[in-house]
Amino acid sequence: MKIGFKKIPYDGINFEVKKEDISFFGIAQKINKNLVKCTGIIEGSFLHLCDRCGDEFTKSIKQNVEIYASCGLYDDDKYINLIEFFDDFIDFDTMLQSELESFKCDYLYCSSCNK
Ligand SMILES: [Zn+2]
């Protein structure tokens, strides 16, 4: 799902994307001409190999997220969680993908290793 930066209003617009069994939904709100704040929830489950024993297990996720999207380069360290888009569109699938990757960077253990 893509929405053009120009089409995002200051009072917010709903978005929802899905990737396999995970959905990401919330509100995208314009902060200024080139900056949009996305507040939402990532919820669902995915298959993961346990980082201790290597067994495959289903990891559930439910997490509040706050991501900023900038139209083009954004030269400010003010926003830690910021993704730059260069084609005048915010791509919510890219956003979800990137959040999931950082989530999977943590060590995730199956239920028997997590005791
Ligand atoms: Zn394990």
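What joins β3 to β4? A hairpin does, through two residues. Before you click on, two notes. You're looking at a predicted model, where local features need pLDDT of at least 70, side-chain atom pairs count only at pLDDT 80 or more, and totals for chains, interfaces and linings use all residues. Residues are numbered from 1 along each chain as its sequence is written.

**Stop 1: the whole chain.** Helices (H or I, at least four residues) and strands (E, at least two) are DSSP runs, numbered from the N terminus. The C-alpha trace spans about 50 × 25 × 20 Å along its principal axes.

Stop 2: Strands count as paired if DSSP finds at least two bridges between them. Look across from glutamate 16 and you'll find phenylalanine 25 in β3. Two residues sit between β2 and β3 in their hairpin, and glutamate 20 in the turn has a positive phi of about 50°.

Asparagine 32 faces leucine 35 in β4, while lysine 30 has valine 36 as its bridge partner.

**Stop 3: the sheet.** Zoom out to the open sheet of five strands, ordered β2-β3-β4-β5-β6 with mixed pairing. The edges are β2 and β6 (82–85), each pairing on one side only. Next, select α1, which packs on the sheet and touches β2, β3, β4, β5 and β6; its direction makes about 60° with that of β2. That angle, on a scale from 0 to 180 degrees, is taken between N-to-C directions of lines fitted to C-alpha atoms, for helices over the stretch in contact.

**Stop 4: the core.** Pick Val36, Cys38 and Ile90, which touch the most other members of the 14-residue largest nonpolar core. β3, β4, β5 (56–71) and α1 (92–105) each give two or more residues to this core. A nonpolar core here is a set of buried Ala, Val, Leu, Ile, Met, Phe, Trp, Tyr and Cys residues joined through C-beta atoms within 7 Å. Buried means that 20 or more other C-beta atoms lie within 10 Å of a residue's own, with C-beta atoms placed from the backbone.

Finish on valine 36: leaving aside neighbours within four places in sequence, its contacts include Phe5, Ile8, Tyr68 and Ile90. A contact needs C-beta atoms, placed from the backbone, within 7 Å.

Key. Buried ≥ 20, exposed ≤ 12 C-beta atoms within 10 Å, placed from the backbone. Contact = placed C-beta atoms within 7 Å.
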